[in-house]
Amino acid sequence: MDAATYHVTAGISLRTAWDALRAQQPIRQRDAADLLGVSEGELVASRVGAGVTRLAADLRHVLKAVPALGRVMALTRNDACVHEKIGVYENLGVDSMVGIALGEDIDLRLFFTHWKHGFAVSEAGAPGGLQSLQFFDATGQAVHKIFLKEGADHEAYEQLVTRFAADTQVPGIEVTTRLRGQEQPDGTVDVADFREAWANLKDTHEFFWMLKRFGVTRMQAMRFAGYDFAHPVPLDAARTLLDTVAASALPIMVFAGNPGCIQIHTGPVQHVKIVGPWLNVLDAGFNLHLRTDRIASAWVVRKPTADGVVTSLELFDGVGETIAMFFGKRKPGLPEMAQWQATIEALFPVPA
């Protein structure tokens, strides 16, 4: 059986299974993929030609056309956190393999080496239908999604889909195995040099390159840092923090994402609610959904910069991957808010 025939057969079979599952109960796309034992990208690709259009290969060109859609919801997630922002895509820089969107509401860091598959998805049922653009990595994991909201330009969406539709519209995709980074043994790292490098950071963006230089994971970095720079806090720290800043109206920054996209909320949070294992922020333009049962460790982290120390609460899952990070609202070139530092110190004091 050739590759094209395999894709059609596998795609139709999976689509049938998905239709049967949805007929039994309302179910989210991500949850359906888990139940069916496939990636979310494979599930979406199974419907190419039936409400799903495969988009052409260079997805940066697709993003350049997104501002014309107007008011949309940007959604970025990982296995334990969903980050949703409503607004307009503005100030895009997507000509290289590292891109940005710097809108007042939609603030993204984009890493296009992980953007492998793109689809336009039309769902029946919602008034006027629910239309979205969905992007996946080589393993079929969702990188970023864009949903049209009330007031969006649906005609511009149709023009985008027509313009960027791939020549071949065949169901199915091939996916690769999801690989996770392996830690080198702690004993092979010069911890004293690592701590010295940490102490000499001038910008938070240097932190990633410091990890690369020493070949350590973020979890190793937490262990090596010492309490001057990082200390563990209770697993419910995110709830404690969100309840506190909601009560005080202290503006914060919430980072969440995956290797292909980091999405940022800047501003206050207001409505914090627990539903089962989910810790939620349910505000008008910002929703956060955090699986508290998947938080394996939480740390207060301090990074020196030319503008003073930058303090964050960082959450990690069971394999050491970042779930979400919380900072005080801050712009480059300005020191961190004293109220944010005082809040963190009061809630999560450094162990004696």
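**Surface, fold and selected residues of a predicted chain**

Reader: What does the accessible surface of the chain come to, and what share of that surface belongs to carbon and sulfur atoms?

Author: This is a predicted model, in which local features need pLDDT of at least 70 and side-chain atom pairs count only at pLDDT 80 or more, while totals for chains, interfaces and linings use all residues. Residues are numbered from 1 along each chain as its sequence is written, and side-chain values use heavy atoms, with hydrogens and water left out. By the Shrake-Rupley method with a 1.4 Å probe, the accessible surface of the chain comes to about 16,700 Å², and the share of carbon and sulfur atoms is 54%.

Reader: Is Ser39 buried or exposed, and which residues does Ser39 touch beyond four places in sequence?

Author: Ser39 is found in the loop between α2 (29-36) and α3 (40-45). Its relative accessible area is 7%, and buried means under 20%, exposed over 50% and partly exposed in between (1.4 Å probe, protein chains only), so Ser39 is buried. The C-alpha atoms of Ser39 and Gly140, 101 residues apart along the chain, are separated by 5.2 Å. With contact meaning heavy atoms within 4.5 Å, Ser39 touches Ala33, Thr139, Gly140, Gln141 and Val175.

Reader: Which side chain does a polar contact of 3.0 Å join to that of Arg60?

Author: Arg60 has its place in helix α4 (residues 59-64) and counts as buried at 18% relative accessibility. A polar contact is a pair of N or O atoms within 3.5 Å; within protein, one must be able to donate a hydrogen and the other to accept it, and residues adjacent in sequence count only if both atoms are side-chain atoms. The partner of the Arg60 side chain at 3.0 Å is Asp58.

Reader: What is the phi of Asn91?

Author: Most residues other than glycine have a negative phi. Asn91, an exposed residue with a relative accessible area of 55%, lies in the loop between β3 (81-87) and β4 (92-93). Although Asn91 is not a glycine, its phi is positive, at about 50°.

Conventions. Helices (H or I, at least four residues) and strands (E, at least two) are DSSP runs, numbered from the N terminus.
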